[in-house]
Amino acid sequence: MLHLDKKHDPRRNAFLIEKFSHHKGNLKTAIQETDELFDSLSNTAISGVMHSGSNINRFPFLFKKLGLGLVRSIATVSAHTPLSPYKTIADNREEVYPEWKSMLDDEYKQLQKEIHREVNILDCGAIGDGLTDNTDAFKKAIGHGRVKVIVPEGVFITKGIRLPSWTCLVGEGKGKSTIKLSDSAPKGMRLVTNSNHWRGNHHISVEALSLDWNIERLGDVQKTSTWGNHSSCLTYANVTCGWVKNVEGINPGLHCFDVSSTFYDYSGDGYRARGGSQYVWLDRLNGYGFGDDGITTHHSDNIFISNCHMSDPSGRAHAKGFSNSNGIEVDDGSRNVWLVHNSTTRCFGGVEVKAHHTSSAGNNVQIVGHLSVNDNRSYNFRHIGHHREADPDSKTASNIRATKIISIDPVDTELYKGSTPRAMVVSAYKNVVINQFTIIGDQEYDYRGNPVVAVQYKARNITLNSVSIRGFHSAGADIKIFGGKQHADQIALRNIYVEDSAQHAIDIGQGVAKIAVENIKALSTSGTYAIKAVHPPAELKGIYTEGYRLPAFINGKEYRTFS
């Protein structure tokens, strides 16, 4: 139906999203509707949910010697500190951005004023022949900052670049100006990063470049990354006011772009790492061949990711067949993250909002206009280790809003064998609103009786509104609310349109008591039941079905009509 190659121009994303969306109309109005649904859902002030910490697992001696409590006090901050209540702005041109972007724009102007030198890397002895080592030339050009370093056309080899505060690194465009990691660089090397991860940096911009991590230098190694926030094309760690614009990340061992803290933190749910980045804008980025994720965030606040395209991971940071390689990942301890008009294709996850079991979950994430094509799981929201009945409930997995998103033809993947295709999975998260979701399946593909959308594993306060699903002939259910001892609950399914798709439009499992099903139109040529539920839903109204063997099977009884 739609093929996006790795060189896809992400500036076309907004057009493509509007073209394929079943839901037409003003984007500003749609965002307002999402916010209203969210406010009615939570009816509480958004609070942070974390603490801060270095990677405790990396310091076993310190951990044993000092104890978890003291290490947490040194290396972490609370995940429950209040978040600034920034709004999502949609202007008359349907440009969408966080409220704080105007402040960041002012800081960019200040960055330009603080630039005292403009240096062409060639004037410092660099040679862009793809052979010469230019590490010293970059160091000379960059100096102590307050500089704009120009990288002309060519391929410039380096052993790594470290940028101080008040620095711009600017090329002539993707595919024209390329910075490439040297064959002699160690596996853990970051190609471009800020100069001081401990004390932090500020006002750094990287623009109009291709960043080639040169994975070929490693040969046929089993794993292409080392640990933490190493082995990436570009890492901002502990950066305040950062920009990455019109840049391409090529074949990194770990991530193309990582907005991060000094260290990753695994000291427990409710804690997050000190030294997180904040107020960073990533725009018009392409990335491919990544060993883990295309774009990722860790323990950082107020991040804006727009008009980006991530595709075709190698997955080589993981064991073969167990690669959780996502196009865009909002990971451990990240808060206040906006994703606007991005696209992903042929990844394990298109967009994943998550955390590892010993870290705090990504929190307060807003997705506006995403296009997922042939990802295994287009949208995956989960807090690992907080799913099962015996697992502790997540303290931090909450607050996701998504407006006008697309999933086209989710498929199986060699990246993660055995992971069945899904348009969306929500696990362990609370306070999630999905509004204007278009899901298009391949009528000939074998989905093996699996659901298209799954809400499961203790998920609570979930609203799916204005969802359109078609073309999943071999799926078991278009929307499945999983039951059992770790069942989801407090669910609202409203304004759902299903056409020629799964055996059941909606399947509600054991123990799901608080669920509203309203304004459902389900059309089928070969379906069994439009509504299947173990217990009667708390609300069931406005149901129209056509073409199913029977409209409903509820509480062990078949229904031919809805009264």
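UniProt, in an unreviewed entry, places the feature "domain: Rhamnogalacturonase A/B/Epimerase-like pectate lyase" at residues 119-335; UniProt positions are given in the numbering used here, feature names are shortened, and annotations may be inferred rather than shown by experiment. This is a predicted model, in which local features need pLDDT of at least 70 and side-chain atom pairs count only at pLDDT 80 or more, while totals for chains, interfaces and linings use all residues. Residues are numbered from 1 along each chain as its sequence is written, and side-chain values use heavy atoms, with hydrogens and water left out.

**Secondary structure**
- The chain has six helices and 39 strands, where helices (H or I, at least four residues) and strands (E, at least two) are DSSP runs numbered from the N terminus.

**Overall form and surface**
- The radius of gyration of the chain is 24 Å, which agrees with the value near 24 Å for a compact globule of 563 residues; the radius is taken over C-alpha atoms, and the globule rule is 2.2 Å times the number of residues to the power 0.38.
- The C-alpha trace spans about 80 × 50 × 50 Å along its principal axes.
- Of the 563 residues in the chain, 62% are buried, meaning under 20% relative accessible area with a 1.4 Å probe and protein chains only.
- Among contacts (heavy atoms within 4.5 Å) with a separation of 6 or more, 76% are between residues 24 or more positions apart.

**Isoleucine 520**
- Isoleucine 520 lies in strand S35, which covers residues 515-523, and this residue is buried, with a relative accessible area of 3%.
- Not counting residues up to four places away in sequence, isoleucine 520 touches Leu493, Ile496, Ile506, Gly542, Ile543 and Tyr544.

**Phenylalanine 304**
- Phenylalanine 304 belongs to strand S20 (residues 301-306) and is buried, with a relative accessible area of 2%.
- Although phenylalanine 304 and tryptophan 338 are 34 residues apart along the chain, their C-alpha atoms are separated by 4.9 Å.
- Leaving aside neighbours within four places in sequence, the contacts of phenylalanine 304 include Val96, Tyr97, Pro98, Trp100, Lys101, Trp281 and Trp338.

Technical notes: Buried means under 20% relative accessible area, exposed over 50%, partly exposed in between (1.4 Å probe, protein chains only).
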